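User: Hi! Could you walk me through this one? I'd like to start with the aromatic side chains.

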Amino acid sequence: GYKASTPTTIGRTVLWVGFACMALSTLYFVQQAYSFEIFQRKFHYVSAGITGIAALAYLCMSLDIGVSSDEGGRSFYWARYVDWTLTTPLLLVDLGLLAGVHYNELIYVIIMDILMIVAGLIGGLYADDPYKGWPLFVFGMIVFLPIILSLTTSMKEKALSFASDVGARFNQLSVMTVLLWSAYPVVWVIAEGTKVIPVDLEIVLYAILDVSAKCLFGFILLANRSLIERATGQA
Ligand code: RET
């Protein structure tokens with residue numbers, strides 16, 4: 001019969017679809033990079049790195065690698081957190097380079113970001129004990145705040161100070177990032193945290209968020225050729 005605690009054909013298929021989206025996006029970003037001068041390729045290479053790492057994570061999860069079982073036998077996909085630990089800093093690099101912020105600002109948000117993901121990983125591993133899982137989740141939420149704050153204040157002001165379409169593109173991508181990233185802790189609470197949704201639904205929800213936050217994000221970032229040329233400048 002149907003077991004909500006392990007993936008069925010639906011979940012497994014969605015993992016493979018996630019792998020395909022990530023792998024094809026990576027090939028596209030790399031292929032696009034070659035139509036630019038080497039000094040203009042930073043956004044292509046960072047974006048290809050993001051989807052390439054996610055392609056590897058989705059391939060592993062599709063092959064039942066990077067997944068453990070909790071006390072009740074529910075699948076826990078820890079491979080996602082390895083992916084996110086590496087890719088969410090790279091997404092912030094894309095945004096920081098676009099905004100033209102000082103690298104100290106970028107280092108600060110990246111440190112908070114890594115703390116956030118690792119807190120979610122440990123919280124997920126220990127979610128069977130609410131006295132361990134929830135404090136870690138709350139820790140993750142607290143370090144999430146300075147990231148949101150930076151994207152909506154200092155990074156945004158820096159980006160808009162150029163008064164060009166680069167600022168407008170940053171605005172679009174940062175709003176998208178704040179909205180999508182805010183959905184992850186919601187899914188965490190109903191999936192890893194309280195286990196009220198089936199593993200199949202957890203896989204579907206994270207896949208929609210991952211493909212939007214990585215592939216769609218990359219396509220929007222790289223969509224305008226002259227904008228990329230201006231945002232990468234000369235040198
Ligand atoms: C966790 C739980 C702890 C509290 C918070 C979380 C936020 C996770 C986020 C993940 C973003 C992932 C992306 C992946 C790839 O595209 C770790 C779920 C705040 C924001 C963008």
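Analyst: Happy to. Rings of Phe, Tyr and Trp (its six-membered ring) count as a pair if their centres lie within 6.5 Å. Bear in mind that this is a predicted model.

User: How many aromatic pairs does that rule give?

Analyst: The count comes to 12 aromatic pairs.

User: Take Trp84 and Tyr206: how are their planes arranged?

Analyst: That pair is edge-to-face, because the planes are at 70 degrees and over 60 counts as edge-to-face. The ring centres are 5.2 Å apart.

User: And where in the chain do the two sit?

Analyst: Trp84 is in helix 3 and Tyr206 in helix 8, so the pair links distant parts of the chain, 122 residues apart.

User: Switching to the ligand, which residues come nearest?

Analyst: Trp84 again, along with Trp181, Tyr184, Ala213 and Lys214, out of 17 residues around the ligand. The side chain of Lys214 has an N or O atom 3.0 Å from a ligand oxygen.

User: What's the shell made of?

Analyst: The shell has 12 nonpolar, 3 polar and 2 charged residues.

Conventions: Residues are numbered from 1 along each chain as its sequence is written. This is a predicted model: local features need pLDDT of at least 70, side-chain atom pairs count only at pLDDT 80 or more; totals for chains, interfaces and linings use all residues. Side-chain values use heavy atoms; hydrogens and water are left out. A residue is near a molecule or strand if one of its heavy atoms lies within 4 Å of it. A polar contact is a pair of N or O atoms within 3.5 Å; within protein, one must be able to donate a hydrogen and the other to accept it, and residues adjacent in sequence count only if both atoms are side-chain atoms. Ala, Val, Leu, Ile, Met, Phe, Trp, Tyr, Cys and Pro count as nonpolar, Asp, Glu, Lys and Arg as charged, and the others, Gly among them, as polar. Rings of Phe, Tyr and Trp (its six-membered ring) pair if their centres lie within 6.5 Å; planes under 30 degrees apart count as stacked, over 60 as edge-to-face and the rest as tilted. Helices (H or I, at least four residues) and strands (E, at least two) are DSSP runs, numbered from the N terminus.
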